[in-house]
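Here is a short briefing on the chain shown below.

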Amino acid sequence: EEEEAVLGVAGSILWLAIITVVIGLLSEYMVDALEDAAEGWGVPNLFLGAIIIPIVGNAAEHAAAIIFAVKNKMELAVGIAVGSSIQIAIFCVPLLVVTAWALGIELSLNFQPFETGVLLVTVMLVGFTILNGESSWLIGAMLIVAYCSLAAAFFVHKDPPGLPRPPSLPPPSYTYDSR
């Protein structure tokens, strides 16, 4: 028996748009509140942006991955975690860079050595972890320790004062030169 649809296509798109706007507003409020709290506590912005906001912002996704892992559906649990990271890395970040460039805001993919090193180590660790397709409690414990170590590194990291900031691209010109 086929179940009757509760919402049609138009209703689904409408609710998706409404929920997207509400979540966008709530996310903006959450980031503002966390920035104010972090400033009061002396927490670095890098730690806030790389550790705290992703944990809070993806809480439902983390919960789903944990639920599937408890039910011994490891492929789905790992797929949720790794898939989200891949989606952000190859779609969201480049889209934000292009959008910022179009708006004349300085944002590039030219990361500092610390962030680049962390990214390299993280990609290698995840790759080696999922390479053989098996998991154990020891691998999970190792990943938790690695995450806590990276969180501590982000908390205490300060860029050296002489390190040059990456140059930004000039904003696009919307004028037409008829020469």
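Helix axes here are lines fitted to C-alpha atoms over the stretch in contact, and angles run from 0 to 180 degrees between N-to-C directions. With that in hand, the axes of helix 3 (residues 59–70) and helix 4 come within 7 Å and cross at roughly 160 degrees. The model is predicted. The chain holds six helices and zero strands.

**Overall make-up**
- Along the sequence the pattern reads α-α-α-α-α-α.
- The chain has 179 residues, and 12% of them count as buried.
- Its accessible surface comes to about 14,100 Å². Carbon and sulfur atoms account for 71% of that surface.
- Among contacts with a separation of 6 or more, 56% join residues 24 or more positions apart.

**Helix 3 against helix 4**
- Angles over 145 degrees count as roughly antiparallel. Helix 3 and helix 4 cross at roughly 160 degrees, and they are therefore roughly antiparallel to each other.
- Helix 3 passes helix 4 in a left-handed crossing.
- On the helix 3 side, the contact uses E61, A64, A65, F68 and A69. On the helix 4 side, it uses M74, L76, A77, I80 and S84.
- N72 lies in the loop between these two helices, helix 3 and helix 4.

**Helix 2 against helix 6**
- Two packed helices are described by the angle between their axes and the distance between the axes.
- For helix 2 and helix 6 the angle is about 140 degrees, and the axes are 7 Å apart.
- The pair is therefore oblique.
- Helix 2 passes helix 6 in a left-handed crossing.
- L46, F47, A50, I51 and I55 of helix 2 meet Y147, A151, F154 and F155 of helix 6.

**Helix 1 against helix 2**
- Helix 1 (residues 9–41) packs on helix 2 at an angle of about 135 degrees, with the axes 11 Å apart.
- That makes helix 1 oblique to helix 2.
- The crossing of helix 1 and helix 2 is right-handed.
- Helix 1 contributes M30, V31, L34, E35 and A38 to the contact. Helix 2 contributes L48, I52, I53, V56 and G57.

**Nonpolar core**
- The largest nonpolar core has eight residues. They are A38, V43, F47, L48, I51, V118, A151 and F154.
- Helix 2 (45–57) and helix 6 (137–156) each supply at least two residues of this core.
- Helix 2 gives the most to the core, with three residues.

- V43 sits in the loop between helix 1 and helix 2.
- Is V43 buried or exposed? Its relative accessibility is 18%, so V43 counts as buried. The cut-off for buried is under 20%.
- Leaving aside neighbours within four places in sequence, V43 is in contact with A38 and F155.
- V43 and V156 are 113 residues apart along the chain, yet their C-alpha atoms are separated by 9.1 Å.

**Two residues of helix 4**
- S84 is found in helix 4, which spans residues 74–103.
- S84 has a relative accessible area of 10%, so it is buried.
- Not counting residues up to four places away in sequence, S84 touches E61 and G79. E61 belongs to helix 3.
- I88 is also found in helix 4.
- I88 has a relative accessible area of 38% and is therefore partly exposed.
- Beyond its neighbours within four places in sequence, I88 is in contact with V93 and P94.

**Backbone at N72**
- Most residues other than glycine have a negative phi.
- What is the phi of N72? It is positive, at about 60 degrees, although N72 is not a glycine.
- At 63% relative accessibility, N72 counts as exposed.

Notes. Residues numbered from 1 in each chain as written. Predicted model: local features only at pLDDT ≥ 70, side-chain atom pairs only at ≥ 80, totals over all residues. Heavy atoms only, no water. Helix = DSSP H or I, 4+ residues; strand = E, 2+ residues; numbered from the N terminus. Buried < 20%, exposed > 50% of the residue type's maximum accessible area, 1.4 Å probe, protein only. Contact = heavy atoms within 4.5 Å. Areas by Shrake-Rupley, 256 points an atom, 1.4 Å probe, with all protein chains shown as cover. Core = buried A, V, L, I, M, F, W, Y, C linked by side-chain atoms within 4.5 Å. Parallel < 35°, antiparallel > 145°, perpendicular 65-115°, else oblique. Left-handed = near helix turned anticlockwise from the far one by under 90°.
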